[in-house]
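Biologist: Could you walk me through how to read a structure like this, feature by feature?

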Amino acid sequence: MRVVRLASEIDFDGWRRAARRLRAEGAAPETVIWTVERDLFEAAPAEAPAPIAGAFTVPPAFVELARSVVLHRSGERFALLYRLLWRLEREPRLIDNPADPDVARARDMAKAVGRAIHKMHAFVRFRLVQSDPETYAAWFEPAHRVTEAAAPFFARRFTSMNWTIMTPDACVAWDGQTLQVSEGADPADAPSEDAQEELWRTYYASIFNPARLNEKMMRQEMPKRYWRNLPEARLIPQLIETAQERAAAMVAASPSPPPDRVLKAAMRQARDGSYNGDVPTSLDQVAAAVQVCRRCDLWRDATQGVPGQGAAHAPLMFVGEQPGDQEDLAGLPFVGPAGQVFDEALAAAGVPRGKTYVTNAVKHFKHEPRGKRRIHKTPDRGEVTACRWWLDAERRLVRPRVIVALGATAAHAVTGKATLIGANRGRALQLPDQAQAVVTYHPSFLLRLPDADARERARAEFVKDLRLAGELAKLID
Ligand code: URA
């Protein structure tokens, strides 16, 4: 019997060197024992001698298969691979025969390793463990010994972050330039909860759609062994329990969630940290990031964030105050009663809404419950200021020639100072960013005017202001 001791559980190179030598010496597979364990006082294995000249070459497909199989946790992997290597000399096409039990076993093992890498890419969750310099850490228990194999993906994805992934097999650390591998860690060293996780869980709970719950699929995609690492998974039992009730409530309220594209981007950004507070570079990114915005507390009671809607480079932008009840459910600005007044006035002014960009100063619906109704509450200065981040991003991305502020809240957000509507409407105001502003009434103001004559007068002024804006923006002559 020959005993071959390898340097580590995933020592592919060591296995390859030893296997070549054994093969050249004619050592039959059943006469070789492969191990990684060492006697207590034994030194690490000496560097294996160079392979013997004239050793036969193996197909690259076998080398590729062997590299994966070595990462499997099965104790038989090194022996199985040597048996395959031994047989390959007489059966050069062996690897192409999926019916062969050794080949089938090796392929199954490689597949399991591939799945483990995939799961690790999908389910690792970093936690902020140090703020200066910002450093993240994650604890993960992969099904196979794939930590090193999975690490380059994280280095590519989170290139500018400092992070460490700890597993029982190995720890990999990235400092922005190099990947360092060290010994496996104890679960006790895993980083603990932080505020970001609470945010993530809250977000997950708010977008979780009980009507689409497919528990089996969910468990398949997110196997229980990984739940412990996923902040959102902690919600699953409770979400499943309340799914029916929540589905009924949802049908009653009939909100339209943000489009799948937006939700997927939001999930992706929240998950991979690709939106981490940097200035958004596209309207899609704004729309997605608004869904996870926690700049103020209004998200707590809102169904969803309502981003702007319209032409990407519209010459004319409208800014309202905040979404109303119907906008909150639909996820779109100005689709309720105020939207109707707005649409009618636009039509009367001859301004095509489709060629404009419509948004709000505040992206979440602020309200208080009154019986079954949700009553609009004006956002306060802090909320408007917090949300200006998104409005400014939209302004930078759309670059409108003219911005119409609908009402006092919008006028403040657009001009940066308190701007009385009565004293400033009906003319163009110059903004520092080259755009012009027109401030005018909020459509709801027209709805609230009790006197029919006053309402008609205000409506005519409103239409006139929209026409002026359309002309300044060169959307109408
Ligand atoms: N009021 C607003 O200010 N914005 C909307 O989107 C709807 C109502």
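Modeller: Start just after helix H16, where Gly416 takes a positive phi of about 85°. This is a predicted model, so local features need pLDDT of at least 70 and side-chain atom pairs count only at pLDDT 80 or more, while totals for chains, interfaces and linings use all residues. Residues are numbered from 1 along each chain as its sequence is written, and side-chain values use heavy atoms, with hydrogens and water left out.

Biologist: Which residues of H16 are buried?

Modeller: Labels and cut-offs before the case. Helices (H or I, at least four residues) and strands (E, at least two) are DSSP runs, numbered from the N terminus. Buried means under 20% relative accessible area, exposed over 50%, and partly exposed in between, using a 1.4 Å probe and protein chains only. In H16, residues 408–415, the buried ones are Thr409, Ala410, Ala411, Ala413 and Val414.

Biologist: And what covers the buried residues of H16?

Modeller: Read that through contacts, meaning heavy atoms within 4.5 Å. The cover includes strand S9 (316–320), helix H15 (381–398), strand S13 (402–406), helix H17 (421–424) and strand S15.

Biologist: Back to phi. Which residue other than glycine has a positive value near 50°?

Modeller: That's Phe334, sitting in the loop between helix H13 (325–330) and helix H14 (337–349). Phe334 has 5% relative accessibility, so it counts as buried. Now try Gln434, which isn't a glycine either and has a positive phi near 80°.

Biologist: Is Gln434 exposed or buried?

Modeller: Exposed, with a relative accessible area of 68%. You'll find Gln434 in the loop between strand S14 (429–430) and strand S15 (436–440).

Biologist: Next, helix packing. How are two packed helices described?

Modeller: By the angle between their axes and the distance between the axes. The axes are lines fitted to C-alpha atoms, for helices over the stretch in contact, and angles run from 0 to 180 degrees between N-to-C directions. Take helix H3 (residues 77–88) and H4: they pack at an angle of about 135°, with their axes 10 Å apart. Under 35 degrees counts as roughly parallel, over 145 as roughly antiparallel, 65 to 115 as roughly perpendicular and the rest as oblique. H3 and H4 are therefore oblique to each other.

Biologist: Which residues of H3 and H4 make the contact?

Modeller: H3 brings Arg77, Leu80, Arg83, Leu84 and Arg87, and H4 brings Asp102, Val103, Arg105, Ala106 and Met109. For residue classes, Ala, Val, Leu, Ile, Met, Phe, Trp, Tyr, Cys and Pro count as nonpolar, Asp, Glu, Lys and Arg as charged, and the others, Gly among them, as polar. The contact of H3 with H4 then splits into five nonpolar, no polar and five charged residues.

Biologist: What about sheets: what is the order of the five strands in the open sheet?

Modeller: Two strands pair if DSSP finds at least two bridges between them. Here the order is S3-S4-S5-S6-S7, with mixed pairing. Strand S3 (127–131) and S7 stand at the edges with a single partner strand each, so one side of each has no neighbour in the sheet. From one strand to the next, the twist averages 20°.

Biologist: How many bridges join S5 to S6?

Modeller: Four, and the two strands run antiparallel. Ile165 has Val172 in S6 as its bridge partner, and three residues separate S5 from S6 in their hairpin. S6 and S7 also pair in the antiparallel sense, over five bridges. Cys171 is partnered by Ser182 of S7, while Ala170 stands opposite Glu183 in S7. The hairpin of S6 and S7 has four residues between the strands, and Gly176 in the turn has a positive phi of about 95°.

Biologist: And what lies across S5, S6 and S7?

Modeller: Helix H5, running at about 20° to S6. Thr147, Ala150, Ala151, Phe153, Phe154 and Ala155 are the buried residues of H5 (147–157). Their cover includes helix H4 (101–123), strand S5 (162–166), strand S6 (170–174) and strand S7 (179–183). S6 itself is mostly covered, with four of its five residues buried.
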